[in-house]
Amino acid sequence: ESRIERIKQDSIAKAKEDEKLKIKTQKATERDYKAERIEILKQEAIAQAKEEKEKNAIKEANNETIIDKKKENEKLERIKLRSTCHYAMNEYDEIDRIKIVRTDPYTINDKLTIELFKRGRSINVFFNLKEDLGCASYLPSNRSYVKVRLENNQTISLYHSWDMNCGDYSFKGEISKSQMALLAKSPIKSILLRGTKGSREVTNIEYKEFFIDKLSCIE
């Protein structure tokens, strides 16, 4: 009985040890699985971040390429604009036997355009401002004028010589050969426009080289 009891106790002890070992092994396996799973998730996160970074880099590179192409196209358009004469009218009057030339309105900024007009030997410049300065008047008592200030600090004064025009400012005045020569020497710094009820000085000039580029279009 004593021997049987020892065998029984040994079996119980061995079973407990086996159970402890099994639990220990199971826990170790679970820890290994968790550690492996964490490592897998970590590597997946790293790979995803790397992929996202590469995508962003490609996207940024593509955006920069698009911007560069846009800038290049704008540069080419600017060169084309500056080197080409655009005419609203370019014809020969058979009756009066004179040539009539009028350029398209060229944008100086978002509110101001300038045109050049030549009929025979008479040369005029038109300033069109989207503001109400009263009327553009030819009357000596209240004559409208435009003063173009250049970056070399020279100022060229022009006076309205066509019909009275009211509403949005529409100036039309003659320009001499000597004034044209001065305007062709330097970019525009500012333009002062005077009507019968007020004046406006334009300083945000986007196309400063207008006269340098376009006076030759009517010669």
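**View 1. The hairpin of strands 4 and 5.** Strand 4 and strand 5 form a hairpin with two residues between them, and Gly120 in the turn has a positive phi of about 65°. This is a predicted model: local features need pLDDT of at least 70, side-chain atom pairs count only at pLDDT 80 or more, and totals for chains, interfaces and linings use all residues. Residues are numbered from 1 along each chain as its sequence is written, and side-chain values use heavy atoms, without hydrogens or water. Strands (E, at least two residues) are DSSP runs, numbered from the N terminus. Eight bridges join strand 4 (residues 112–119) to strand 5, antiparallel; strands pair if DSSP finds at least two bridges between them. Thr113 stands opposite Asn128 in strand 5.

**View 2. Strand 5 beside strand 8.** The two strands pair in the antiparallel sense over nine bridges. Phe126 stands opposite Lys172 in strand 8. Lys172 also lies over the face of Phe126, at 5.0 Å from the ring centre (NZ of Lys or CZ of Arg within 6 Å of the ring centre and within 35 degrees of the ring normal).

**View 3. Aromatic pairs.** Rings of Phe, Tyr and Trp (its six-membered ring) pair if their centres lie within 6.5 Å; planes under 30 degrees apart count as stacked, over 60 as edge-to-face and the rest as tilted. The count comes to nine aromatic pairs. Phe127 and Phe171 pair edge-to-face, 5.8 Å centre to centre, with 70° between the planes. Phe127 and Phe171 are 44 residues apart, and both are buried.

How values were computed. Helices (H or I, at least four residues) and strands (E, at least two) are DSSP runs, numbered from the N terminus. Buried means under 20% relative accessible area, exposed over 50%, partly exposed in between (1.4 Å probe, protein chains only).
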